[in-house]
Structures are given as structure tokens and as C-alpha cells.
Amino acid sequence: MAREAQDRRSGRPQGRQIGYARVSTDEQATEAQQIELQSAGCDVVVQEHGSGTSRARPALLRLISEIGAGDVLVVVRLDRLARSVSHLLQVIEDLTEKGAHFRSLRDPIDTSTPQGMFSLQVLGAVAQLERALISERTKSGIIAARSKGRLPGNPGIRERRPEALAKMTAVQKAVYGRRIQSTMNQWLPTVRRMRPDHNWDDIARVLKQRGLDWTPERLRRAVKWLVTERLADPTLLKRASPQLPEDRLMTLVAGISQSNPDLSLRDIAGQLERLHERTPRGSAKWSASSVKNLLDRARRLGLVAEPPAS
């Protein structure tokens, strides 16, 4: 009760306080962080063992995907969440998109307060300055190398040395993995709802309607990477079984509805027309009643949750 009253006075959101405690190795313990987070009023504390420099943290990714609007992710110190400003800003951006907030107990950052948002904006400016300085140093280095008759770049890669090529491949894989993890919350829920009932072409088309530009092959490759890293269920890669045309339309409509529950029947009909899907009777024009029939059937089969009682 005392914490709730304090939150109301401070203007802090009335959601759950979810703690995140991380240590680098299995030999280290999160107990001290747990005690501090619980004392700060955290209802739940998620624990993780993993390097701070790595973004492949299943517990953190799962927490962000499941956090709700008004909830607050709490850490003891910023370095428990991220070791780079870019990673920190990405996590906070993902939380903001879901209506959630972030707070660090020992740092002046609480995104539910004006002061905390100001500190965050300062961090963003520092990150932008850091990127500009790195770019400027790179350009100066290339100019200096050329003035001395040297070729810019890694000589090992130019000479195709195996150890240099292997290192470059490892770096490329790491960059690819970070890019996939930074966007997975935008598209993976749709993939989970539609696979393996639909092929990759269907899913890529649905995502494109939401403004996400995926090709079927790039999408399948991204999911394969997540499965390899144990961040996604292997069943997502199962071969899509053949479906009757009406069954396929039913699961497609269910997938669109679940991806955005706020869509009206007419909105879904419009999406189906833009996807060039034909109705069960072969017409190119969809009506709200045709969509409703497929949704009702999907609900009877448990593919779509029943709408709340008015």
C-alpha cells in the first residue's frame, strides 16, 4: 500500500515492477541484486547468466516480449542490462513501443519521469556523437593511408588469408544476430501464430501489409537463426502441410486478426484484397460477412480467442 501511494504521488505507472538480475558466469550469484530489487518493490525478478557484451539473452528477450503496458523493467545498475549505449537505447525503445517503462536504481534513469527521459536523451546524444567521431576517424585514417601509398582495409582480407576471412565471417554473423534480435518482437509473434499452417510466402505477405519488408527466404533464414540460438521453437521450421483452400483462408484470416486485434472485419477484408486472395467462392471482392464466417469457424476450432462480452 505504501509503495502504491508513493507511485501515485510520483506519477509512476501503476503496472508491475519487474526486476532483471544478470551475472556473467554460472559461478556468480544474483542473490544480492534480487534482494535490492525486491526491496525496491519488484513483484517478479528474472535471473540470467550471460555476458553483458552479448545481446543473445533469452531471459531478457522473453521478458521484453511478454511485458505489458504500464509495467516497469527495473535493474540495479545500467551495466546489468547493457554494456553499450546502443543496446540500452534499443531495449528502452522496445519497451516504449509496448507502453512499458525502464528504471535503474543506482542511475538517474526512470523513463516514467521527465528527469529520467532527459537523462536518456543525453545518452542518445552521446551515442550519436560517438558514431560521428568513429566515422570521422575512419575517414581520416583512409586518407592518411592513401597519402602513404597504402591500401585501406584489412590486408588479411585482401590477401584472402583463412584466419582473417574466418574472423570477418564471425563478425558478420554477430552483426546479423544483433539485427535479428533487435527487430524480432515486431514480426516473430506473427510467425508463431501462422507457422507451420502457412508457408513463408503467406507470412511474408501478411508482414508486408504491416509495413515490414521481408522476403520469404530472408524470413525463413532469420527464424532458422533464432532456432539455432534457442530463441525460437524448432516447430516453426516444420514443412507446411497441404491445406484445403478454405482451411488455408481460415488460418490466414485468424493470423491477420491475431496480429492486430483492433482490425475490423472490413479492415481484414481490405487486407485480403490487397494480398490478392480470393474468397471461398472465388471472388476477388471480400465482404465483412465472408471474413466473419471464417473467423467464427476459427474460433470454434480454438484458433482465435472469443471476443470479450460487450
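Where in the chain is confidence lowest, and where is it highest? Colour this predicted model by pLDDT, the predictor's confidence in each residue, from 0 to 100. Confidence is lowest in helix H1 (residues 2-10), with a mean of 47, and highest in strand E3 (residues 72-75), at 94. Helices (H or I, at least four residues) and strands (E, at least two) are DSSP runs, numbered from the N terminus.

**Before you click further**

Residues are numbered from 1 along each chain as its sequence is written. Because this is a predicted model, local features need pLDDT of at least 70 and side-chain atom pairs count only at pLDDT 80 or more, while totals for chains, interfaces and linings use all residues; side-chain values use heavy atoms, with hydrogens and water left out.

**Stop 1: the whole chain**

The mean pLDDT of the chain is 80, and 82% of its residues reach 70 or more. Now select residues 1-11, where pLDDT stays under 50. The model has 11 contacts beyond four places in sequence for this stretch, a contact being heavy atoms within 4.5 Å. Where pLDDT is low, the predicted coordinates should not be read in detail.

Of the 310 residues, 37% are buried. Here buried means under 20% relative accessible area, exposed means over 50%, and partly exposed lies in between (1.4 Å probe, protein chains only). Among contacts with a separation of 6 or more, 63% are between residues 24 or more positions apart.

**Stop 2: the sheet**

Select the 5 strands, which form an open sheet with mixed pairing, in the order E2-E1-E3-E4-E5. Two strands pair if DSSP finds at least two bridges between them. Strand E2 (44-49) and strand E5 (109-110) are at the edges; each has a single partner strand, so one side of each lacks a neighbour in the sheet.

Zoom in on strand E1 (residues 17-23), which runs parallel to E2 and is joined to it by 6 bridges. Here isoleucine 18 stands opposite valine 44 in E2.

Helix H3 (residues 58-66) lies across E1, E2 and E3, at about 150° to E2. Helix H4 (residues 85-97) packs on the sheet too, touching E3 and strand E4 (101-104), with its direction at about 140° to that of E4. For these angles, axes are lines fitted to C-alpha atoms, for helices over the stretch in contact, and angles run from 0 to 180 degrees between N-to-C directions.

**Stop 3**

Centre on valine 191: leaving aside neighbours within four places in sequence, its contacts are Trp200, Ile203, Leu219, Val223 and Leu236.

**Stop 4**

Most residues other than glycine have a negative phi, and most peptide bonds are trans. Go to the loop between H7 and H8, where you will find proline 196. A cis peptide bond joins arginine 195 to proline 196, with omega about -5°.

Move on to arginine 230, in the loop between H9 and H10. Its phi is positive, near 60°, and arginine 230 counts as exposed at 75% relative accessibility. Histidine 276 also has a positive phi, of about 60°, and sits in the loop between H11 and H12. At 69% relative accessibility, histidine 276 is exposed.

**Stop 5**

Is threonine 279 buried or exposed? Threonine 279 lies in the loop between H11 and H12 and counts as buried, at 9% relative accessibility. Not counting residues up to four places away in sequence, threonine 279 touches Leu249, Lys285 and Trp286.

Finish at asparagine 293 in helix H12, which is exposed with a relative accessible area of 52%. Draw a line from its C-alpha atom to that of methionine 250, 43 residues apart along the chain: the separation is 8.8 Å.
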